[in-house]
Amino acid sequence: MLSRTKVAALLATALLASACSQGSATRAPAAGDDRTTLRYFTFSAAPDHVEDLDAIVAAFEKENPKIDVVVETAPFDEYFTKLQTSIAGGTAPDTFELNYENFVTYASAGSLLDLGTVAGDGDTSVYAGESLAAFQRDGRQYALPASFSTVVLFYNKDLFEAAGVEPPTSDWTWADEKAAAAKLTDRKKGVFGDFQPVQFFEFYKTLKQAGGEFLSADGKKAAFDSPEGARAAEWLVSKVGEVMPTEAEIGGTADYDTNLFKSGKLAMWHNGIWQFAGMKDAPFAWDVVVEPGDKAKASAVFHNAVAVSAGAKAGKEAYAWARFLSSSDVAARTRIKSSWELPPVSDQQLLSGYLQDPVPANRQAVFDSLESIALPPVIERQQEMQDAVTKELTEAASGRKSVADALKAAAAEVDALLG
């Protein structure tokens, strides 16, 4: 599912104090000891890519025989809570994965090491410029881009064929998707036509598709309580109980949509390319296309990076690992071969190998989706904003509030966070 983490918000001042005063709990070289052990914390490796990460670690340790990397993982919905707790408690990992949406919060809190202080003359031309710039703040590089992924429309080819419905194309609109989903839904057989989570990450994207903006031009006020916002929210909410299961039917089950699609009971699924590897053994034919739009096309693109803790005792070694994981040929080729998102490298020849994997067949859709990007809105109190919007949309999806009331309440909460 596209659901993003529910993070327990910690005050930025507390993060700053703990990051600057206590440092990492990992071993740096001691007197007479020339080995360094680094801890790396990640959410994207488990469960499908732990072996891939192990291969990258092994290659790094072979090139750097005096550095050992210890990998720690957590599921996304627990990851940032654990990360923030470790930072506040002075036990932060030396290096950790960080997504674009939460980058501003951590950089603002002083939790990240300025990589310029340990990078030496490291060449950054290997990175795609846009990806590198995404993790800069106040002219300083606080993380190195490690991967990017897009959201596409997965579809079960067998269900479409059995129902006599033409499969989706890149020209589809919301109306096309809605019509097909209705024909493909068969509640008696437990088959649903569509699944698109009703939450922040889908809302800002569909808002862009509807021609709206999430924040005002100066970034000081919510702008989504608008006709476009209402259209986007209604698009999401209207699916619930019609062509996708209700909140009660889902019942809080983890990975409900993943299991539903993989079991052959879901015709269309809005999700990210990180799902490709897990769907390799699906017992039916499936493919992907660029998501349908409304007034415009807009695809969600997510960037992940590797950051170094501000309190890391072995900054240069930590930077070496971050750079290897984010830009080495070994890391890039491993990601591409295993469909573990995409490396944000400037070498287009390297990226072209991604298209050679036959499942799914239309991998070109991943690159086509980059032509119309919807980046998530980012503020310092990011997680609170995401939770506020998701909470109100959930109220509308359950019928406890109207769409208009939910958007009004969400906008008021976001304005308060911006104030």
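Contact here means heavy atoms within 4.5 Å. Helices (H or I, at least four residues) and strands (E, at least two) are DSSP runs, numbered from the N terminus.

You are looking at a predicted model, in which local features need pLDDT of at least 70 and side-chain atom pairs count only at pLDDT 80 or more, while totals for chains, interfaces and linings use all residues. Residues are numbered from 1 along each chain as its sequence is written, and side-chain values use heavy atoms, with hydrogens and water left out.

**Colour by confidence**

pLDDT is the predictor's confidence in each residue, from 0 to 100. The chain has a mean of 90, and 92% of its residues reach 70 or more. Now select residues 1-27: pLDDT stays under 50 there, although the model has 90 contacts beyond four places in sequence for this stretch. Where pLDDT is low, the predicted coordinates should not be read in detail.

**Select H8 and H9**

Pick residues 200-209 for H8 and 227-237 for H9; these helices pack at about 125°, with axes 8 Å apart. Axes are lines fitted to C-alpha atoms, for helices over the stretch in contact, and angles run from 0 to 180 degrees between N-to-C directions. H8 and H9 are therefore oblique to each other (under 35 degrees counts as roughly parallel, over 145 as roughly antiparallel, 65 to 115 as roughly perpendicular and the rest as oblique).

Which residues of H8 meet H9? Show Glu-202, Phe-203, Thr-206 and Leu-207 on the H8 side, then Glu-228, Gly-229, Ala-232, Ala-233, Trp-235 and Leu-236 on the H9 side. This contact divides into 6 nonpolar, 2 polar and 2 charged residues. Ala, Val, Leu, Ile, Met, Phe, Trp, Tyr, Cys and Pro count as nonpolar, Asp, Glu, Lys and Arg as charged, and the others, Gly among them, as polar.

**On to H13**

Select residues 329-338, which form H13, and pick out its buried residues: Ala-331, Ala-332, Thr-334, Arg-335, Ile-336 and Ser-338. Buried means under 20% relative accessible area, exposed over 50%, partly exposed in between (1.4 Å probe, protein chains only). The cover over these buried residues includes helix H2 (50-63), strand E6 (143-156), helix H12 (315-327) and helix H14 (348-352).

Keep H2 on screen with H13: their axes come within 10 Å and cross at roughly 165°. That makes H2 roughly antiparallel to H13. Asp-52, Ile-56 and Ala-59 in H2 meet Val-330, Ala-331, Thr-334 and Ser-338 in H13. By class, that gives 4 nonpolar, 2 polar and 1 charged residues.

Most residues other than glycine have a negative phi, and most peptide bonds are trans. Step past the end of H13 to Ser-339, where phi is positive, near 60°. Ser-339 sits in the loop between H13 and H14 and is buried, with a relative accessible area of 0%.

For cis peptide bonds, zoom in on Ala-46 and Pro-47, joined with omega about 5°; Pro-47 lies in the loop between strand E1 (36-42) and H2. Another cis bond joins Val-359 and Pro-360, with omega about -5°, and Pro-360 is in the loop between H14 and helix H15 (364-368).

**Last stop**

Is Ala-248 buried or exposed? Find this residue in helix H10 (residues 247-250): at 71% relative accessibility, Ala-248 counts as exposed.
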